[in-house]
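Subject: A structure for you to look through

Hi,

Here is the structure I promised to pass on to you. Please open it next to this message and follow along as you read.

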Amino acid sequence: MATVKLTESLFGVTNNNNEIKKYTLSTPDGFEVSLINYGATIQSIRQPDKSNQISEVTLGYDTLQEYVDDKYFFGCTVGRVTNRIKNGRFELDGITYELPKDDGTKKHYLHGAFNKRVWDSSTENNDTVIFKYQSPDGESGFPGQVNATVKYILSSDHQLTIDYHATTTKPTPINMTNHAYFNLGGDASGTMLDHQLIVPADKIIPLDDEHIPTGDIASVENTPFDFRTLTRVGDRIDESFIGYDIMFLVNGEGKRPFGKLVHGSSGRAVTIESTQKGLQFYTGNYLDGGKGHNGTAYDKHAALCLETQNYSDSVNNQPHFPSTILRPGEEYHEQTTFHFHLE
């Protein structure tokens, strides 16, 4: 039976003399995932196609400084809270907390600081890389010391499982995800508009013109957001503002199918399962030609994100949204698996 191989190398050194390590998990047939402990980040995924040609299928960089300068969250772990928090503010147990207003409008909080932190790292069983980060009380304005752990586990049949854990010393919101950008045709192949996507979701969370949830829940019926059958991503993208950036509410409970992305000409596909509540679908609308792997220019719609997570902005007067609040004595635990395969 094929086994997973794990290698370790030095990726770079920060200005504070922290060594950034690169861990590569690979299988004998050429599938490969590389991870770095800067941002607990997926630095690279390389996948063979139906002709056994291996390509880079995620956007990313080849140097540490590019990750330090990165503004797109390529492949990183996002937290404490992914997505937006309206006005960079929330109230919890009678206390109002102020957060950085770091989204594109400079009015709202977006994603957090976990992507710019050096995580402790270790390995296990030649198929697992473990990243740990202790977020201090007050970091980015959030209450409580949070101990976060992200495990990446690769199976011999190309299933990459991301396992998230967190505990806290004070009540605080937690909603973590991975921000990988996928182009299954290869990161240098142009746009992902010819990819096909299926997501088992009847409903979405509508947004206002600043990408903040309105508080409503809407049907996908007769909208460009209906991906309940395999649909070409580019077919209706012009009907969705400047591209897709929407949360699907995935049907069911527990770890379950979240959908599948297919690239027909290469035969590459990725199937997603998760314990999370929703799937944020983003089509790289703000990519602007910045250079990535091997100097490749990543233009608008060069790749797409499929971010499993809890509802956005649930901390702000959305009582019908599932809570993202973690309290002392509780454990946050979510898991997502990306299965890379050929169709």
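Lys 101 touches Asn 87, Gly 88, Arg 89, Lys 106, Lys 107, His 108 and Tyr 109, leaving out residues up to four places away in sequence; contact here means heavy atoms within 4.5 Å. You will find Lys 101 in the loop between strand E9 (95-98) and strand E10 (109-110). Strands (E, at least two residues) are DSSP runs, numbered from the N terminus. Lys 101 is partly exposed, with a relative accessible area of 39%. For that word, buried means under 20% relative accessible area, exposed means over 50%, and partly exposed is in between, using a 1.4 Å probe and protein chains only. Gln 43 is 58 residues from Lys 101 along the chain, and their C-alpha atoms are separated by 27 Å.

A note on the model: it is predicted, so local features need pLDDT of at least 70 and side-chain atom pairs count only at pLDDT 80 or more, while totals for chains, interfaces and linings use all residues. Residues are numbered from 1 along each chain as its sequence is written, and side-chain values use heavy atoms, with hydrogens and water left out.

Now for the annotated residues. The UniProt annotation "active site", from an unreviewed entry, covers His 179 and Glu 307. They are spread over 129 residues of sequence, yet they cluster in space, with a largest C-alpha distance of 6.2 Å. UniProt positions are given in the numbering used here, feature names are shortened, and annotations may be inferred rather than shown by experiment.

His 179 lies in the loop between strand E16 (177-178) and strand E17 (181-182), whereas Glu 307 is found in strand E28 (residues 304-309). Are they buried or exposed? His 179 is buried, with a relative accessible area of 3%, and Glu 307 is buried, with a value of 3%. The contacts of His 179 include Cys 76, His 111, Cys 305 and Glu 307. Among the residues that Glu 307 touches are Thr 82, His 111 and Tyr 282.

Those cysteines are worth a look. How many disulfides does the structure hold? It holds zero disulfides, a disulfide being a pair of cysteine sulfur atoms within 2.5 Å. The sulfur of Cys 305 is 9.4 Å from the closest cysteine sulfur, in Cys 76, which is too far for a bond. Cys 76 is buried at 3% relative accessible area, and Cys 305 is buried at 0%.

Next, the nonpolar core, meaning a set of buried Ala, Val, Leu, Ile, Met, Phe, Trp, Tyr and Cys residues joined through side-chain atoms within 4.5 Å. Of the 56 residues in the largest one, Ile 45, Trp 119, Met 176, Phe 248 and Phe 281 touch the most other members. Strand E13 (residues 146-154) gives the most to this core, with five residues. A second, separate core of 17 residues includes Leu 64, Tyr 67, Leu 287 and Ala 303.

Strand E13 also belongs to an open sheet of nine strands, in the order E11-E12-E13-E14-E30-E24-E23-E18-E21, with antiparallel pairing. Two strands pair if DSSP finds at least two bridges between them. Strand E11 (120-124) and strand E21 (231-232) stand at the edges with a single partner strand each, so one side of each has no neighbour in the sheet. Nine bridges join E13 to strand E14 (residues 159-168), and the two run antiparallel. Tyr 152 stands opposite Ile 162 in E14.

Happy exploring!

Definitions and conventions. Helices (H or I, at least four residues) and strands (E, at least two) are DSSP runs, numbered from the N terminus.
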